[in-house]
Amino acid sequence: MRVRVATTALGITAVLLAVPACSTATTGSKHQTSSRTGKPTEAAQEPAALSSAALESRLLDPKDLGSGYLPKPKRPAQHDDVTVIGCPALSELGGDAATGGTLAFPHKAKADFTYGGSSSEISEELYSDSAKKLSDGIARIFNAMTGCPTYQVVAGGTPVDVTSQKLPAPQRGDEQWSQLLTFVAEGRSTVVKQTAIRDGSLLLVVSGSPALVDRHLDKALAKATATS
């Protein structure tokens, strides 16, 4: 089965288009347990969503990360479709995710970094909306992306074999997701980890080289959720 997937809220298309060169973000899988309240209900006193400017100020910067990290130049906007083969769960994602739809959270910020002059990279994304919208939207995308342990993506004419492995998510925030993805394209293999944490009306997504994700996740969460 083939399905044409355009840009999603988590930048899945950008990830797959970048695979032949390097990978900085991935999709994740929903972990069924949570450290606090789990799946949100309508809260009477839920905090207001943060603006994109406020989210920008809560992103990690090179000083937070330490020596050896440099901001990665922003890639030009790409609008090419990606063809996904062999994953019915992705076809069920349908037009909402393919065009942004209800998953296009209005408040967001992102930062990308390279490390040590090597191919190692780390990416941080922050989103803010109601807890329910964040939870439902992200869960829908993650569940679709993890519905197939293996599938193929054709990005810019280059076939990419994708293998996903669910990982135990660290018990942080209200909900957690984590996954290891392996991309194989043109004889090269790239392993990328993504961990996502929803804390109230804020969603943090840290992606990239597995060691870097593990090293900086708590630091990213602490800065993103700081109230002062």
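Strand β7 (residues 158-166) and strand β8 pair in the antiparallel sense over six bridges, where two strands are said to pair if DSSP finds at least two bridges between them, and where helices (H or I, at least four residues) and strands (E, at least two) are DSSP runs numbered from the N terminus. Within this pairing, Gln165 stands opposite Leu180 in β8. The model is a predicted one, in which local features need pLDDT of at least 70 and side-chain atom pairs count only at pLDDT 80 or more, while totals for chains, interfaces and linings use all residues. Residues are numbered from 1 along each chain as its sequence is written, and side-chain values use heavy atoms, with hydrogens and water left out.

On to the next partner of β8. Strand β8 (residues 175-185) also pairs with strand β9 (residues 188-199), again in the antiparallel sense, over eleven bridges.

Asp199 has Leu202 in β10 as its bridge partner. The hairpin that β9 and β10 form has two residues between them, and Gly200 in the turn has a positive phi of about 60 degrees.

The chain as a whole contains seven helices and ten strands. Of its 228 residues, 49% count as buried. Among contacts (heavy atoms within 4.5 Å) between residues at least 6 apart in sequence, 71% join residues at least 24 apart. The chain exposes about 10400 Å², of which carbon and sulfur atoms supply 54%; accessible areas come from the Shrake-Rupley method with a 1.4 Å probe, and for residues only the protein chains shown count as cover.

The aromatic side chains come next. Rings of Phe, Tyr and Trp (its six-membered ring) pair if their centres lie within 6.5 Å, and planes under 30 degrees apart count as stacked, over 60 as edge-to-face and the rest as tilted. By this rule the count comes to two aromatic pairs. Tyr69 and Tyr115 form a tilted pair, at 4.4 Å centre to centre and with 35 degrees between the planes. This pair links distant parts of the chain, since Tyr69 lies in strand β2 (residues 69-71) and Tyr115 in strand β4 (residues 107-115), 46 residues apart. Tyr69 is buried, with a relative accessible area of 5%, whereas Tyr115 counts as partly exposed at 27% relative accessibility. The edge-to-face pair consists of Phe105 and Tyr127, with 5.9 Å centre to centre and 65 degrees between the planes. Phe105 lies in the loop between α5 (94-98) and β4, and Tyr127 in strand β5 (residues 121-128), 22 residues apart, and this pair too links distant parts of the chain. Phe105 is buried, with a relative accessible area of 2%, and Tyr127 is buried at 4%.

Tyr115 has a further neighbour, as the charged end of Arg215 sits over the ring of Tyr115, 5.7 Å from its centre; a charge sits over a ring if NZ of Lys or CZ of Arg is within 6 Å of the ring centre and within 35 degrees of the ring normal.

A search of the whole structure finds one disulfide, a term used for a pair of cysteine sulfur atoms within 2.5 Å. This disulfide joins Cys87 to Cys148, with an S to S distance of 2.2 Å, and with 95 degrees about the S-S bond the link is right-handed. Cys87 is in the loop between β3 (82-85) and α4 (88-91), and Cys148 is in the loop between α6 (131-145) and β6 (150-155), 61 residues apart. Both Cys87 and Cys148 are buried.

Finally, Ala226 has its place in the segment after α7 (210-225) and is partly exposed, with a relative accessible area of 28%. The C-alpha atoms of Ala226 and Arg58 are separated by 8.1 Å, although these residues are 168 residues apart along the chain.

Terms used:
Buried < 20%, exposed > 50% of the residue type's maximum accessible area, 1.4 Å probe, protein only.
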